[in-house]
Amino acid sequence: MVGLLYSSAILSTLFRLSVFVFLRVIPARHITKLIPTLYVLHLSSLALLPNNAATPSQHTNLKLPNGNGGLSKEYVVETDLKAIQQFRVDTLKALLFSIPSPAKTLTAATVLINTVLLLCSMDFVLESYFDDARDVTFTRVGAIYPDSARIVVRYPHENTTNALVSVLWRQVTAYGDSAWTAGPTLNLTKENDWVSTSSLVGLWPSTNYEYTLGDVEGNLLSYPTRPIQFHTFPDPGLPSGSHFRFIATSCATTNFPYKPFNGRQIKGFDLLADYLWPSRTLVQPVVNANVDVLNATDSPLSSDSHSPLAQAMPDNVDPPAEFLMFLGDFIYADVPFYFGDNAEHYRRLYRRNYHSESFRKVYEHLPIFHTYDDHEIINNFMGGGNDSNPPFASANDAFKLYNAEANYNPVEVGQHYYHFRYADAAFFVMDTRRYRSDITITDDAASHTMLGDKQLVALYDWLGKANNTATFKFIVSSVPFTSLWQHDAQIDSWAAYPSEKLSLLNALHSVRNVIIISGDRHEFAAIKFNAEGEGHNVLEVSTSPLSMFYIPFIRTLQMASENLVKVVKQVTSVIEGEPSTSFVEEEVAQEEVVKYIAEGNYKWSSFEVDTRDSEHPVVNLEVMIDGFPAYRLQIAGKPVELKVSAALATIVPSGIMNVLDKIGLKPSTWF
C-alpha cells in the first residue's frame, strides 16, 4: 500500500516537471504525449487507493474515564503511529510534491492543480489552431531600393471574394503635409488570404516617405490610423561611404515561455521595439556588457599586420536601424504540435504573428527582409530541389504570400535566394532548405549540396561582383556555416555538407571583409574562420532565438576545430634599441570561437556599419539578450578600392527634386 502511495506522488511530480519543461524550457513535440499520459496515470493511481489508504491503521483498545471516576466501556481506535508519523506532512509539501495526506481536501487540491496545469498545456498547444486570426489587418514595408519600395497589405473583406485597396503616398518634408499621390491598386482576394504585395516607384534615394491605404475613390480607410513611414536606401553609386545599422535574428513563436492569457504575445518583439525606439517606452537601465575592441592583428577579418587599427568605439548616438533581417523560423509549423500538411494550417500561423501587437510594434516602423528555415516547413526539411516533396507546397504558399513576395527580386523568378545593396554594403541571402540534398540517401559527401548548382553559381557570381564594389559583404544563411556545433547540428547545418562548404570557404578567403550572418541554434556565437597563408579571414555571427527556448546546462559548441591551417603572423621585437619586424608561420585552428553565449530566450544582434573613413572601415556589433546588452565587438575591416559607377543623384541638389518630379523626370529612369 505504501508503494502505491509513493507511486502516486512520483507520477504527479513527473507530470508537473513535464509541464514545466514544456511550458517554460522547451516545447518539445514528444512531451505533448507524455503530459496527458502522466495525468491519467496519476488519476488512476488515486482511484486504486482505498478510502483509508492514506492512514494505515491497526486496532487499539482504549478505555476513557466516565464522569463518576470509573472507566467507561472500551472504544476501538484505529491508529498506526509509525504510519501517521511517516505520512504526516505539512500542507505546502503535500501540495508541492503531491504527497498523499489523510486530508481529502489536500488530495482534491493536488488534482485541481494538475488539472489546471493540463489545461494550460492544452491552451498552449491548441490556441494556434482555434485562434485563426482571420480578421487581422496589416501593412508593412519590405524591400527598399533607392527609387522604390515594396508594400504588403492584408485587408480582409466580408461577403465578397475580392476587393480593391489603393496605396497613397507622399514625401515627408519639414514644410508640412503635401497631397497624397495615388500609388498602385492592389487586388485582394479570398483565394490569396486577402494578402497582396506591390511597389511604390519613382522615389528618390535617401528620402523619407509615408503611405496610407484608401479605396478606389481615394478615400482613406480606417487602417492604418497613422501613415506608415519609411526611408529609401542611398544610391550605391555614390562615392562616399555609409553609416547605418541593421538588426539580425531568427526563431520566434507566440507566448513562449508560456503565460496564461498571453496567447498572441511575442515578447522578443516587445523588447526589440523598446531597444529600437526607447523614447516610446521607459528607457531600460544600461548594464555592463563584455566589450572587445580588436586591433588589426586580432580582428576576425584581419590576418596580417597591414590592416589598419580598429577605431575606438564611438560614443555618439547609434544611427537608426534601417531594416531587420529575419533569418528563418518565423513560424513553428511543427512545434509544439503539427496540425498537418495543408495551406490553411501554415497561413493561420502567419496571420497569428501579424496579429500580435508585439510584432506590430516593429513591422509598422521597420522594413523586414526574410528567409525561411526548417520550421516554416517541417523540422530538418531537405528539399532536394523537388518542390513536390511534402509539405513544401503548402508551406511555400504561405511563406510567399506573407513574407517572400516582399523581399528583393530573386536571382531567378520563383526562387527565394536574392541579393541587395545598402550603399557600399552588399548582402546575399541564401536558401538553405529548398535545394539541400538528403544526406541519408548516400554517404558520398562530395555529392551533397546545400545550395544546388544554380544558387551556388549565383552566389559565386555575386561574390565576384561585390569584391571590388562593396566594402563589407554580408552572406545570410539560415543555419550556421561553422561546423563547431555538435549533435543534431552535424546533420542540419553546413557541417553536413563539408565538400561544398570547403569550396565556398576557400572562395570567401579570397575576398575582403566577408561576414556571415546565421541563426537557428538558439544560442549566440561569433566564429572566426582563419585563412591559410595571406588569405582574408571570415567572421560568422550566429544569433537566435528572438523569442523562443534555449537549452540550459547543456552546451554543444566546440571551442575550436581539429582542422588546422598555417597562417603568417607579424612579430615586432626590439633588438639593441631598434624595432625589428619578422614574419613567422603558425598553425592555428581553422575555426575558432570568438564569443559564445548560450543563455537567453530573447536575442538579437545589431550591426552598425561605418565606412565613412574608407581606410578604416568598421562594423560595431552589439548583442542584446533578454533586453540588455550582453556583448560588444568591434570588427576592423580592410580598405577596399571601390569601383563605382556614376549616378545622376550625385549631382542633383535635393532642393530641386520636387521640381523634377512635377515635370515628370523620375530618378528610376536615370540610375
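Ala, Val, Leu, Ile, Met, Phe, Trp, Tyr, Cys and Pro count as nonpolar here, Asp, Glu, Lys and Arg as charged, and the others, Gly among them, as polar.

First, the source. This is a predicted model, in which local features need pLDDT of at least 70 and side-chain atom pairs count only at pLDDT 80 or more, while totals for chains, interfaces and linings use all residues. Residues are numbered from 1 along each chain as its sequence is written, and side-chain values use heavy atoms, with hydrogens and water left out.

The chain as a whole, then. It holds 13 helices and 25 strands; helices (H or I, at least four residues) and strands (E, at least two) are DSSP runs, numbered from the N terminus. Of its 671 residues, 52% count as buried. Buried means under 20% relative accessible area, exposed over 50%, and partly exposed in between, with a 1.4 Å probe and protein chains only. Among contacts with a separation of 6 or more, 72% are between residues 24 or more positions apart; a contact is heavy atoms within 4.5 Å.

On a 1 Å grid over the protein atoms alone, a cavity is a set of points where a 1.4 Å probe fits but cannot get out, and a pocket is an open set with protein on both sides within 12 Å along at least five of seven lines; lining residues have an atom within 4 Å of a point. Grid points are joined across faces, edges and corners, and a volume is the space filled by probe spheres set on the points.

The second largest pocket has a volume of about 600 Å³. It is lined by 26 residues, and those closest to its centre are Ile 26, His 375, Asp 488, Phe 549 and Ile 551. By class, that lining has ten nonpolar, seven polar and nine charged residues.

How many cavities of 30 Å³ or more does a search of the whole structure find? The count is three. Helices α5 (104-130) and α7 (343-355) each supply at least two of the lining residues, and α7 gives the largest share, four residues. The lining of the largest cavity divides into ten nonpolar, seven polar and two charged residues.

The second largest cavity has a volume of about 50 Å³. Asn 255, Phe 256, Pro 257, Lys 259, Gln 265, Lys 267 and Tyr 602 line it, which by class makes three nonpolar, two polar and two charged.

Next, the cores. A nonpolar core is a set of buried Ala, Val, Leu, Ile, Met, Phe, Trp, Tyr and Cys residues joined through side-chain atoms within 4.5 Å. The largest has 105 residues, and Tyr 211, Phe 269, Met 325, Phe 420 and Phe 474 have the most contacts inside it. Leaving aside neighbours within four places in sequence, the contacts of Met 325 include Ile 247, Phe 369, Tyr 418, Phe 420 and Val 476. A second, separate core has 39 residues, among them Leu 456, Trp 485, Trp 494 and Ala 496.

Two strands deserve a slide each. In a regular strand the side chains alternate between the two faces of the sheet. In β23 (residues 603-610), eight of eight residues are buried. Lys 603, Ser 605, Phe 607 and Val 609 lie on one side, and Trp 604, Ser 606, Glu 608 and Asp 610 on the other. Strands pair if DSSP finds at least two bridges between them. β23 runs antiparallel to β10 (residues 243-249), with six bridges, and Arg 245 has Glu 608 as its bridge partner. With β24 (residues 618-625), β23 pairs in the antiparallel sense over eight bridges; there Val 609 is partnered by Val 619.

The other strand is β4 (residues 148-154), with seven of seven residues buried. Ser 148, Arg 150, Val 152 and Arg 154 point one way, and Ala 149, Ile 151 and Val 153 the other. β4 pairs antiparallel with β3 (residues 138-144) over five bridges, and the two form a hairpin with three residues between them. Seven bridges join β4 to antiparallel β7 (residues 195-201), where Val 195 stands opposite Arg 154.
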